[in-house]
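Reader: Hi, I have a structure open and I'd like to go through it slowly. Could you walk me through some of its local features?

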Amino acid sequence: MSVTFADKLSRLPSYQAGAPAGKAPESLASEGISQLASNESPYPPHPDVVEAISRAAAASNRYPDPSAALLRSRIADRHETDPSRVAVGNGSCELLLAGAEALCEPGAEILFAWPSFSIYPHLAALSGAREIRVPLAEGDLHDLDAMLEQVTAETQLLLLCNPNNPTGTYLPAERVAAFCERVPEHVTVVLDEAYIDFQVVDDPDTTVDLLGELANLVLLRTFSKCHGLAGLRVGYALGSPAFREAVDAVRQPFSVNALAQAAGAEAVLHSDDLSERVERTIVERVFVEEGLAALGLSSPASQTNFSWVDLGDRDEAEVVGALAAEGILVRPGTPLGGPGHIRVTYSTRAENERFLDVLGDLLQTMA
């Protein structure tokens, strides 16, 4: 007999990374490759964060704090809540996966819109739950009424990505709050807010106030985007102490390494730097969206650090391949649930100009 692996492996969708395998980010940069595929920040971490990482590295012979006490305490202070409500993870993805494992068993249901964050289908495949996908409404927005209609007694987890990845669209906090209040109490609502700081509709802290009213609500945030810490993988959840205890129980100890803990604990202190990063991104967002419109391409009004570009009748693979041949990496839409699209991250002005110029030339050759 040969070795056999669990059946759930066959149910797992493949994850397509934005950068080519075997290439370090610094190597790509040195080769002049524009990395516009993974919604990363083009700006390095704050100097004080880099210094904190360096200090932590000097003690790498020791295991990290398994409770991440300093990081959780500073996150709690930032959001004016108690550390018992803060769970930290190896990116917000780990918290999503742990949440599904802690809440779901075969027969349970996980409900989410589609297209949305590409890790969501992994949750059902790994936990044995059944996934329920609800198509986005007109304008690539969440259809909240349709999602509510799909909630059953078996629904354990409802995922709402706002702003939504990959479409970049955003629902105002007032609508989200009204929706969450209508979801039955037995359903854990995970409000995935990885891109919340980039939207200009609401104060990013508005939804935090809902935690005191809704015991079944969990907010997900990350240091990967605005703070420029994608390479260290650190995210966090704000929810009930019971949720934190549950996700901690199903994960390995020391899941957030010492460098990531130090980086996050320092980064959360620099709100002015965060605001400056967001402002620069919004300026580039306007520039890219206007450039795309000038090329005759449509995309939903973005409230994130990327655009979801409708290619019309053009061949998606051809566009992605031609851009890559010119040293510009973007994310194809098909693996993200949107055939005929590309997702492009805003970068520096020079890289954004280069992308628009190359794309414009490419569209002319395809006309």
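**Backbone and packing, step by step**

Author: We can begin with R233, which sits in the loop between β7 (217-222) and β8 (235-238). Please keep in mind throughout that this is a predicted model.

Reader: OK, what is the phi of R233, roughly?

Author: The phi of R233 is positive, at about 60°, although R233 is not a glycine. For context, most residues other than glycine have a negative phi.

Reader: And how accessible is R233?

Author: R233 has a relative accessibility of 30%, so it counts as partly exposed.

Reader: Which loop holds F254, and what is its phi?

Author: F254 lies in the loop between α9 (241-249) and α10 (258-267). F254 is not a glycine either, yet it has a positive phi of about 60°. With a relative accessibility of 33%, F254 counts as partly exposed.

Reader: Staying with the backbone, which residues does the cis peptide bond with an omega of about 5° join?

Author: That cis bond joins W114 and P115, and P115 is placed in the loop between β3 (109-114) and α6. In general, most peptide bonds are trans.

Reader: What about N162 and P163, what kind of peptide bond joins them?

Author: N162 and P163 are joined by a cis peptide bond, with omega at about 0°. As for its place in the chain, P163 is found in the loop between β5 (155-161) and α8 (173-182).

Reader: Switching to cysteines now, how many disulfides does the structure hold?

Author: The structure holds zero disulfides. A disulfide, to recall the term, is a covalent bond between the sulfur atoms of two cysteines.

Reader: Let's turn to helices. At what angle do α3 and α10 pack?

Author: Helix α3 (residues 47-57) and α10 pack at about 150°, and their axes are 8 Å apart. That angle makes α3 roughly antiparallel to α10, since the cut-off for that description is over 145 degrees.

Reader: Which residues make that contact?

Author: On the α3 side the contact is made by D48, V49, A52, I53, A56 and A57, while α10 contributes A258, L259, A262, A263, E266 and A267. Sorted by class, the residues in the contact of α3 with α10 are 10 nonpolar, no polar and two charged.

Reader: How do α12 and α13 cross?

Author: The axes of helix α12 (residues 316-325) and helix α13 (residues 349-366) come within 10 Å and cross at roughly 130°. That makes α12 oblique to α13, and the crossing of this pair is right-handed.

Reader: Which residues of these two helices meet?

Author: From α12, the residues E318, V319, A322 and L323 meet F355, V358, L359, L362 and M366 of α13. The residues of this contact divide into eight nonpolar, no polar and one charged.

Reader: One more pair, then: how far apart are the axes of α5 and α6?

Author: The axes of helix α5 (residues 92-103) and helix α6 (residues 120-127) are 9 Å apart, and the helices pack at an angle of about 35°. In this contact L96, L97 and A100 come from α5, whereas Y120, H122, L123, L126 and S127 come from α6. By class, the contact has six nonpolar, two polar and no charged residues.

Conventions: Residues numbered from 1 in each chain as written. Predicted model: local features only at pLDDT ≥ 70, side-chain atom pairs only at ≥ 80, totals over all residues. Heavy atoms only, no water. Axes fitted to C-alpha atoms, helices over the stretch in contact; angles between N-to-C directions. Helix = DSSP H or I, 4+ residues; strand = E, 2+ residues; numbered from the N terminus. Parallel < 35°, antiparallel > 145°, perpendicular 65-115°, else oblique. Left-handed = near helix turned anticlockwise from the far one by under 90°. Contact = heavy atoms within 4.5 Å. Nonpolar A, V, L, I, M, F, W, Y, C, P; charged D, E, K, R; others polar. Disulfide = S-S within 2.5 Å. Buried < 20%, exposed > 50% of the residue type's maximum accessible area, 1.4 Å probe, protein only.
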